[in-house]
Amino acid sequence: MAKKDLDWGSLGFSYIQTDKRYVSRYKDGAWDNGALIDDPFIQMHECACVLQYAQTVFEGLKAYETVNGQIVTFRPDLNAERLAQSAARLEMPVFPKERFIDAVKQVVKANEDWVPPYGSGATLYVRPYLYGSNPVIGVKPAEEYEFRILTTPVGPYFKGGAKPLTIKIADFDRAAPRGTGHIKAGLNYAMSLHAIVQAHAQGFAENLYPDSATRTKVEETGGANIIFIKGNKFVTVGSPTILPSITRRSLEYVAEHYLGLEVEERDIPLTELPEFDECGLCGTAAVISPVGKICNGDQEICFPSGMEKMGPTIQKLYDTLTGIQMGRIEAPEGWIVPVE
Ligand code: PLP
Ligand code: COI
């Protein structure tokens, strides 16, 4: 095994092609055996359902090299379950959970030289995705599908690493009540592109979407859930229109069982924002990225933790979560899945 010769410490969150990818095809009501392949290009019918009607869902997880030199993934069972929920909502066949976990292990193992070394600050991002591949012109689900997994080494999602972000309350809506906000569908991200380009042009790192029904409550950002600290409380959003982040659910456990915080998952009115001590965005890509300021039109909400570094409690959450992922801190049963 020889690690690739990359400057791991300076990686951003962008695509670098690795050696192998996984593909399994669904036809006549069944998945084939699946295989690792070399070709990063996909040849597809011009009228494939994914191209015409965006029938695609995806996942995101990471592979880590631990302090002991072992390669592991973090809670892939929950990614498999969420992919199944996403697939069901878009009338797609489910890729079985055991096969999903096995495929993740296979593709990470096949790209082990691309797993960034322990301590480099980088990780191997793993992107499973599923799409309708046969020609469809009337609006209906495809009959044939491809499930694929690509991998790419990544550094921090936000430029500047752990520096607190300035974000804005979005001018646009993300997820309608009874819509698709709770699943990881490509369509949710396509519709966020205009909003993120505008936010970046205005100098903001991300959009914080309010609930689209009333625009009075905090929901989540384009690519992460949001968490707050208020005294000894870990406060986060409970809403049926946000993505159930695996990182956020893990942090709720860490907050309660490792750090002794009180966990609240509930509605958070925008008017409560000035009452919080610390704020962060959490997700596989974001890990925990601290937020220093939220702008809502002309109103600026500046958290007491400031713009220089993470607040003390968010820092503890970050250290504990990444400590678990990198093998420095004992993990709850089943969280860490070794890639043999
Ligand atoms: N919310 C959205 C909209 C996301 O795209 C993501 C990224 O996956 C998350 C939240 C965080 O979810 P997770 O922690 O499972 O990666
Ligand atoms: C992830 O965190 O895995 C995501 O899919 C978020 C995306 C914005 C990169």
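Biologist: What classes do the residues lining the largest cavity divide into?
Modeller: In this predicted model, the lining of the largest cavity divides into six nonpolar, six polar and one charged residue.

Biologist: And how much space lies in there?
Modeller: The largest cavity holds about 110 Å³ of space, and its lining is made up of 13 residues, among which Tyr64, Phe74, Thr247, Thr284 and Gln325 lie nearest the centre. The elements that give two or more residues to this lining are β5 (61-65), α6 and α7 (312-325).

Biologist: Which element gives the most?
Modeller: That is β5, which contributes three residues to the lining of the largest cavity.

Biologist: Switching to the ligands, which residues come nearest to ligand 1?
Modeller: Of the 17 residues around ligand 1, the nearest are Tyr189, Glu220, Ser245, Thr247 and Thr284. By class, this shell has five nonpolar, eight polar and four charged residues, and β11 (218-221), α6 (246-257) and β15 (278-283) each supply at least two of its residues.

Biologist: What polar atoms lie by the oxygens of ligand 1?
Modeller: An N or O atom in the side chain of Tyr189 is 2.4 Å from an oxygen atom of ligand 1, while for Thr247 a polar side-chain atom lies 2.6 Å from an oxygen atom of the ligand. Ile246 takes part through its backbone, where an N or O atom lies 2.8 Å from an oxygen atom of ligand 1. Taken alone, ligand 1 exposes 380 Å², of which the protein buries 97%.

Biologist: Where does ligand 2 sit?
Modeller: Ligand 2 sits in the largest pocket, and the space taken by ligand 1 is also described as the largest pocket. Among the residues surrounding ligand 2 are Phe13, Phe58, Tyr157, Lys184 and Thr284, and its shell divides into five nonpolar, three polar and two charged residues.

Biologist: Which contacts does ligand 2 have through its oxygens?
Modeller: A polar side-chain atom of Tyr125 lies 2.6 Å from an oxygen atom of ligand 2, and for Arg127 a polar side-chain atom is found at 3.4 Å from an oxygen atom of this ligand. From Ala285 it is a polar backbone atom, 2.8 Å from an oxygen atom of ligand 2. Taken alone, ligand 2 exposes 280 Å², and the protein buries 89% of that.

Methods: Residues numbered from 1 in each chain as written. Chains lettered and ligands numbered in written order. Predicted model: local features only at pLDDT ≥ 70, side-chain atom pairs only at ≥ 80, totals over all residues. Heavy atoms only, no water. Near = heavy atom within 4 Å. Polar contact = N/O pair within 3.5 Å; in protein donor to acceptor, adjacent residues only side chain to side chain. Areas by Shrake-Rupley, 256 points an atom, 1.4 Å probe, with all protein chains shown as cover. 1 Å grid on protein atoms, 1.4 Å probe; cavity = no way out; pocket = protein on both sides within 12 Å on 5 of 7 lines; lining within 4 Å. Sits in = over half its atoms within 2 Å of the grid points. Nonpolar A, V, L, I, M, F, W, Y, C, P; charged D, E, K, R; others polar. Helix = DSSP H or I, 4+ residues; strand = E, 2+ residues; numbered from the N terminus. Points joined across faces, edges and corners; volume = space filled by probe spheres on them.
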